[in-house]
Amino acid sequence: MSLPELPLADWRATKDTLHLYCQILGKIRLATTPPRNHWWNVPLYVDVRGLTTRRLRHRDTTFDITLDLVDHALRVRTADGRADSFGLGGGLPVAEFDARLHRALDELGIDVAIRERPFGVPMTTPFPQDLEHCSWDQDAVERFHRVLDWSDWVFEEFSGWFNGKSSQVHFFWHSFDLAVTRFSGRPAPPMETDPVTREAYTHEVVSFGFWPGDDRLGDAAYYSYTAPAPAGLGERPLAAGGWVESGTGLLAVLPYEGVRTARDPAAVLLAFLQSAYEAGARLAGWDVAGLESTWCPTPERLRRLRIGASGGPGGPGGPGGPGGPGRSPR
């Protein structure tokens, strides 16, 4: 399939509204799931209709919540067959979205209290008071879902190349990015930071993801970072994209537009991910050979990916702008 354009300027207001909707869903998920290491109980997930909480449980009722980005609706379903929903197509203010969702949950007997304010984003207005964010460009939302769906599928293939501890491919509502993370199996040095970040980085990681951009970052891009970052990381070659400084570390960044316009977008993205992984993992002294899958990809497949990524449109290219995604729990 052809990948759609996703310039930030075309849907910035809608993106911010959707981001805040996702924060409300994520906080409900946080309130109704048992804790997991690295905060793996909090993300959302890409599904065939949009973004979903997957299975939640409250007051002996199992349920899920889906942001349907195809029919532009919010849907709640319970395991005993009950359901509620409301439309999003006209553009609901965040305050109304929050009120309608809690009302739907209450009518189903599963409402939970959440901290009703955004987390880790420039927007600071409490959800029940936010009448500003109400944009909903249906075409842009549908294009974003197509990009998420495709990216999620490529990340799933890439995940199969690693036999060590790895996260699922999941969507962090804090930083609004799709991510998957690999672990060396070794503890990382303790971090003097907030409890959320400290739990996210208890062990050595190489993380990968997609974010749709913002005013600081520029347009949509794929990224990778290694934590703790080894010395010399920015000198390692990448199959596509380039290195940029982000906070106190480095990000490997590949603009989405370069992937979208490539002859073989999946090959370019996979080659980028693999080269970023090898750069970080080898410098950090991971057992790279021991953590490889026993059967995929084949050496010939990797060789073809590297040649393809470096030889055509969407090959090596500078990042869309400095910065990087917020380091939400991985």
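Reader: Which ring does the charged end of R182 sit over?

Author: The ring of Y277. The charged end of R182 is 4.6 Å from the centre of that ring. Keep in mind that this is a predicted model.

Reader: And R54, which ring is under its charged end?

Author: That one is Y45. The distance from the charged end of R54 to the ring centre is 3.8 Å.

Reader: Rings with rings, then. How many aromatic pairs does the structure hold?

Author: There are 18 aromatic pairs. One of them is Y21 with F97, a stacked pair. Their centres are 4.0 Å apart, with 10° between the planes.

Reader: What does the Y21 and F97 pair tie together?

Author: Parts that are 76 residues apart in sequence, because Y21 lies in helix α1 (residues 8–31) and F97 in helix α2 (residues 94–107).

Reader: Y21 and F97: buried or exposed?

Author: Both are buried.

Reader: What about F210 and Y256, how do they pair?

Author: Edge-to-face. It's 6.1 Å centre to centre, and the planes are 70° apart.

Reader: Where do F210 and Y256 lie?

Author: F210 is in strand β9 (residues 203–211), and Y256 is in helix α5 (residues 256–260). So this pair links parts 46 residues apart in sequence.

Reader: Is F210 buried or exposed? And Y256?

Author: F210 counts as buried, at 1% relative accessibility. Y256 counts as buried too, at 2%.

Reader: Which residues do ring pairs link into a cluster?

Author: W11, F144, F171 and F176.

Reader: Switching to K15. Where is its place?

Author: In helix α1.

Reader: Buried or exposed, that K15?

Author: Buried. Its relative accessibility is 5%, and the cut-off for buried is under 20%, so K15 qualifies.

Reader: What does K15 touch, leaving out residues up to four places away in sequence?

Author: L8, F176, P212, G213 and D214. F176 is also in the ring cluster with W11, F144 and F171.

Reader: Last stop, G50. Which strand is it in?

Author: Strand β2, residues 50–52. G50 is buried, with a relative accessible area of 0%.

Key
Residues numbered from 1 in each chain as written. Predicted model: local features only at pLDDT ≥ 70, side-chain atom pairs only at ≥ 80, totals over all residues. Heavy atoms only, no water. Phe/Tyr/Trp six-rings, centres within 6.5 Å; stacked < 30°, edge-to-face > 60°. Helix = DSSP H or I, 4+ residues; strand = E, 2+ residues; numbered from the N terminus. Buried < 20%, exposed > 50% of the residue type's maximum accessible area, 1.4 Å probe, protein only. Lys NZ or Arg CZ within 6 Å of the ring centre and 35° of its normal. Contact = heavy atoms within 4.5 Å.
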